[in-house]
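This report describes a single protein model. Please look over its sequence and fold before reading on.

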Amino acid sequence: PDAHPPHPQSPGAPANQTLLDFEEIMGNFSYDDSDDGDGALLDYDAAPCHNHFCPLFQRVAPPFLAVTCAMATLGTAALLVALAKRPQAWQWPQSRALVAQLALGTGLFAALLPALAAGIAWGWHLGTGLCRLTHLLWHWSLFAQALLVASASWGTSWARWDPQSRRLAVAIWAGALLLATPAALAGGTVAGTSCVRRSVGILSPAYVLHLAFSLCLLLLLPTGLLVATLAVPARRASWQAGGGASWVFFGLWAPYGVALAVEFLLHAQLLEPTCGTFESFDHALGLSEGLGVLHCGLGPPVLLLARLC
């Protein structure tokens, strides 16, 4: 199947198109460039639609991912050193057991960034299997961090590292891996040079299941927890003690969750697709995912500063 199911096109629109946009590694964006390389796609209003996001992304994404990876490496290393040197300082709500697992999640996420940056800059040549494995690990780290932050926001399970908290940790990481499986099944390679998040149709069971899991963990879960925290005074204690620092994860990824939902509505034509809509949406979706990627570079320093202060 094509990486991009064709958008509604005017008669005579080019049938074969080359994927050159943000979907190349990290997202499923709305535009392809035409075969003649001018970036024009006859579409929607029977007029050329020009995608200006592709060249911008290919210039900016590799250095952005490289800098973010360096930030994440330094921040995670500093956080791990603080955990090892002063274990007694990490108490509930930012307990050592919780913070160590969040550091593991950000470290796993950051470890994938060099391969993604190289794939964007020079094309993906590692094959379909490693492409799907990359998507699996990418979403495994995301979903595990979401579940860890949520579990820490509702209860004191991480106040100590005992058999109960160890069982919870196993359940969270195993559950996150299971939830990330549809992301790997929906992804794949295109023409041997692109590792795309969605190589199947927008309504395929694998992608719809992946979308549902993403929206539940990145949007519905934090929204429900936030409402519950505001409604139950006893839950606010953890925030007042610095527990809200780990919520930087949800704050950075929530815009991407909204963008995924809008993308689905546009591609499924549940919203009116126009040339201008897709031109603007490519930038919005790219920026929202870039904002989420920053969590691995900003999360560890925020946790460390919250504890030190």
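The model is predicted: local features need pLDDT of at least 70, side-chain atom pairs count only at pLDDT 80 or more, and totals for chains, interfaces and linings use all residues. Residues are numbered from 1 along each chain as its sequence is written, and side-chain values use heavy atoms, with hydrogens and water left out.

**Overall figures**

The protein has 10 helices and 6 strands; these are DSSP runs, with helices (H or I) of at least four residues and strands (E) of at least two, numbered from the N terminus. Of its 309 residues, 49% count as buried, where buried means under 20% relative accessible area, exposed over 50%, and partly exposed in between (1.4 Å probe, protein chains only). The accessible surface comes to about 13,300 Å², and carbon and sulfur atoms hold 70% of it; areas come from the Shrake-Rupley method with a 1.4 Å probe, and for residues only the protein chains shown count as cover. A contact means heavy atoms within 4.5 Å. Among contacts between residues at least 6 apart in sequence, 74% join residues at least 24 apart.

**Cavities**

There are 3 cavities of 30 Å³ or more in the structure. A cavity is a set of points, on a 1 Å grid over the protein atoms alone, where a 1.4 Å probe fits but cannot get out; lining residues have an atom within 4 Å of a point. Grid points are joined across faces, edges and corners, and a volume is the space filled by probe spheres set on the points.

The largest cavity has a volume of about 100 Å³. Its lining has 13 residues, and Thr106, Gln145, Phe249, Gly299 and Leu303 lie nearest the centre. Two or more lining residues come from each of helix H2 (96-111), helix H4 (127-153), helix H8 (248-267) and helix H10 (295-308). The largest share, 4 residues, is from H10. By type, the lining has 8 nonpolar residues, 5 polar and no charged; Ala, Val, Leu, Ile, Met, Phe, Trp, Tyr, Cys and Pro count as nonpolar, Asp, Glu, Lys and Arg as charged, and the others, Gly among them, as polar.

**Core**

The largest nonpolar core has 69 residues, and those with the most contacts inside it are Phe109, Leu113, Trp138, Trp158 and Trp253. H4 gives the largest share of this core, 11 residues. Such a core is a set of buried Ala, Val, Leu, Ile, Met, Phe, Trp, Tyr and Cys residues joined through side-chain atoms within 4.5 Å.

**Single residues**

| Residue | Relative accessibility | Class |
|---|---|---|
| Leu98 | 0% | buried |
| Gly75 | 10% | buried |
| Gln269 | 48% | partly exposed |

Leu98 is found in helix H2. Not counting residues up to four places away in sequence, Leu98 touches Pro93, Leu148, Ala152 and Trp158. Leu98 and Trp158 are 60 residues apart along the chain, with their C-alpha atoms separated by 5.9 Å.

Gly75 is found in helix H1 (residues 53-85). With residues up to four places away in sequence left out, Gly75 touches Pro300 and Pro301. From Gly75 to Thr106 the C-alpha distance is 9.6 Å, and the two are 31 residues apart in sequence.

Gln269 is in the loop between H8 and helix H9 (275-293). Its phi is near 60°, a positive value in a residue other than glycine. Most residues other than glycine have a negative phi.

Notes
On a 1 Å grid over the protein atoms alone, a cavity is a set of points where a 1.4 Å probe fits but cannot get out, and a pocket is an open set with protein on both sides within 12 Å along at least five of seven lines; lining residues have an atom within 4 Å of a point.
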